[in-house]
Amino acid sequence: MQRIVMPLGMALLIALGGCSQETDQAVDKPSEEITVWAWNLEAEYLKDIVPAFEEKYPDIKVNVLKLSADQVYQRLTTGLAAGIESQLPDLVQVENQRIDLYMDRFRESFVDLSEMGFDEHRDKFVEGKIAPLMNEDGGVMAFPRDIGPMAVFYRADLFEEAGIDPADIKTWNDYVEAGVTMREQTGTLMTGIQLNHDTSFYRAMLQQHELFYFDLEGNVAANTEAAHRSMEMLKKMDDAGILLHAATAEEINAAIKNDAVASVISGSWQKGIIEDQMPEQEGLWRVMKMPAFEEDGLTAANDGGSNLAITSVSSNKEAAYLFGEFASVDVENQLYGAMEYGAYPALIDAIERPELDEGIPFYGGQKIFSIFAEEAVDLPVVNFTSDFLRARETYNDAIGRVVLQDVPVEEALETAANRLEASTGRGASNE
């Protein structure tokens, strides 16, 4: 999906060539060609900043290959298993939750950026982003790019038609009640749930208890109060008839586009998806913080966000480092990624820029980035572990059993806990 860079983006890109103090150090500029694998909006962002980078480093050529996320991970895993340089890129997009998996399967798969000087930048990023990227020795294993502070994107016109004041939605119980009103008054469902792949707002609920699939020690958290309380709330939402059951994210986006769903609980990157796929709905959307479990409770959670890792087999590590640093540490680049693609910056200096406190026309002039900024500083630190994918599948199976088969929450989570503990060798959390 190609995007046309708007005048604001062009203005920012023009400024990029001379704005990075971090990469203006007196070094011998390498003469090399590097390849980067990335997907979706991150790939478009990287393509956009290539001209400014190549102007700064005219002897380095950057090739960004846009693939799907599945293609990136499949090719990366195959290439690492083969250990053949020609099958791998120099830089690759990797999500936080996958880092530990690759560290476990391929211990030497990525370059420790701390050994190349990245430690000088470590404190420039929010803790919830940088912590999962560190190895056992405290080294940073990937360039932190963006984060996905979560919020509720909602249709202001549908809320008004239903007589719902978003300011009254403080808790998940409030959200359920508003969803019932929405369905009764307009026939529109409140939100969608992707049942056969990933239910991200269940993870968000866990994070609001400062927990995840695992606790910070890596123990299985399926039998914790947080897991039960979150699953009970998800069941309550479904029992109230406010959830659209969907097989894929594309189904949910189609329902949003067709006015069949009034809100979506997602990371900040949803901004780019809505603007891309629903341009005719400009001015109708707004953003509010996620509900909490109790009034004045934690609303923050993270979903997604990109990183760039240098593969160990790369023969162009210095050039790859310079581009990764340019994409992650340069304030103007991070600002551009947020404004153009909704990739909210993990870089603290970018978060504090006044441009992110301006109204966005597509959202009726609302200062939506201010909401993400408030959530970004409160993002909980979680332990993804190398068993994240196995845990996601197990928890999602539990969700499916509860929602589709009416299995009691306690039974579904007990089964999930037993399966994860047996398959991973991890103990049960005491949280």
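**Overall fold and cores of a predicted protein chain**

User: What radius of gyration does the protein chain have, and why does it agree with a compact globule?

Analyst: The radius of gyration is taken over C-alpha atoms, and the globule rule is 2.2 Å times the number of residues to the power 0.38. For 431 residues a compact globule would come near 22 Å, so the protein chain agrees with its value of 22 Å.

This is a predicted model, in which local features need pLDDT of at least 70, side-chain atom pairs count only at pLDDT 80 or more, and totals for chains, interfaces and linings use all residues. Residues are numbered from 1 along each chain as its sequence is written, and side-chain values use heavy atoms, with hydrogens and water left out.

User: What share of the residues is buried?

Analyst: Buried means under 20% relative accessible area, with a 1.4 Å probe and protein chains only. Of the 431 residues in the protein chain, the buried share is 59%.

User: Which residues have the most contacts inside the largest nonpolar core?

Analyst: A nonpolar core is a set of buried Ala, Val, Leu, Ile, Met, Phe, Trp, Tyr and Cys residues joined through side-chain atoms within 4.5 Å. The largest has 90 residues. Those with the most contacts inside it are Leu46, Phe110 and Phe323.

User: Which residues does Leu46 touch?

Analyst: Contact means heavy atoms within 4.5 Å. Leaving out residues up to four places away in sequence, Leu46 touches Val36, Ala38, Val64, Leu308, Phe323 and Ala327.

User: How many residues are in the second, separate core?

Analyst: Its members include Met150, Ala412, Leu413 and Ala416. The second core has 59 residues.

User: How many helices and strands are there?

Analyst: Helices (H or I, at least four residues) and strands (E, at least two) are DSSP runs, numbered from the N terminus. The protein chain has 17 helices and twelve strands.

How values were computed:
Buried < 20%, exposed > 50% of the residue type's maximum accessible area, 1.4 Å probe, protein only.
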